[in-house]
Amino acid sequence: MMIIVTMFVLGVVLGFIGAGGSGFIIAVLVTFFDIPIYHALGTAAAVMFLSVLTGSWSHFREGNLILKQGLFIGFFGSVGSYVGTRMTKIIDPEILMYFTVTALVLSGLMIWLKTRLNLEHSAAEEVQLYPLRSSIIGLGNGMISGTFGIGAAPFIQLSLLKWLGYPMFAAAGTTMLVLIPISLAAALGFMQNGFFDSSLFLKVALGTIVGSYIGAKLTKRLPRIILRYGMVVTPVVSAMLLLIHQLD
């Protein structure tokens, strides 16, 4: 029951900032519930698929996502994600933990840099597809997600803002759409590797799905400063939890 309640709270936060939250879920499972890192990766990827599916629908109804571009990027992301999961099983668990920590810290720093450089575009500007940029963004972020077990939401958000000219609300919502095929491919890859616990999956999924749907409705309703800080703080806190657990 404690896992369900904890994941509900996480789901609200993740739905609000437009993140799949795999990294945050992994950090909580490993740190507070002592779940082995490989099984935490597999469970988090499967749960992330369901949570971003629900969150994307909520963002779609709120008008926060760009459908065609998101699906295009997500397709290439799924390819990169699956390839990444095949690499994960050959990485030592301790090294993998540090890789995941590093990726989470970098993602937080990148979002912070984005807020300092004011990369956001006006919502009135037309968003172009840019096939080459979009495919590279999808493949690269998919590889990060599949290899290190994180959702890569901050990397995707920054890519959408900087290279494709998305406004912030559209970046938050479309990121969830992009994460649907990425997380599905990652979940399948981790299952093939044997890194999946069905009982744990049901507990985590129940909390995060409900929370994510509710959180997505807050994206336009709360002050933008909260959205910005949420994007930065979430991956950094996840990294700190994993690092503390590793050094304990």
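This briefing looks at helix packing and a nonpolar surface patch. The model is predicted, so local features need pLDDT of at least 70 and side-chain atom pairs count only at pLDDT 80 or more, while totals for chains, interfaces and linings use all residues. Residues are numbered from 1 along each chain as its sequence is written, and side-chain values use heavy atoms, with hydrogens and water left out.

**Helix α8 and its partners**

- Helices here are DSSP runs (H or I, at least four residues), numbered from the N terminus.
- Helix α4 (residues 67-88) packs on helix α8 (residues 168-193) at about 25°, and their axes lie 7 Å apart; axes are lines fitted to C-alpha atoms over the stretch in contact, and angles run from 0 to 180 degrees between N-to-C directions.
- α4 and α8 are therefore roughly parallel (angles under 35 degrees).
- The crossing of α4 over α8 is right-handed (the near helix is turned clockwise from the far one by less than a right angle).
- By class, the α4 contact with α8 has 12 nonpolar, 11 polar and 1 charged residues (Ala, Val, Leu, Ile, Met, Phe, Trp, Tyr, Cys and Pro are nonpolar; Asp, Glu, Lys and Arg charged; the others, Gly among them, polar).
- Helix α7 (residues 153-163) meets α8 at about 125°, with axes 9 Å apart.

**The nonpolar patch**

- F75, V79, V83, M87, I90, L139 and M143 form a nonpolar surface patch with about 610 Å² of accessible area together (Shrake-Rupley method, 1.4 Å probe).
- Patch residues have over 30% relative accessible area and no salt bridge, with nonpolar side chains joined within 5 Å.
- α4 gives the most to this patch, with 4 residues, and M87 is found in α4.

Notes. Helix = DSSP H or I, 4+ residues; strand = E, 2+ residues; numbered from the N terminus. Parallel < 35°, antiparallel > 145°, perpendicular 65-115°, else oblique. Patch = residues over 30% accessible without salt bridge, like charges linked within 9 Å, V, L, I, M, F, W, Y side chains within 5 Å. Salt bridge = Lys/Arg side-chain N within 4 Å of Asp/Glu carboxyl O.
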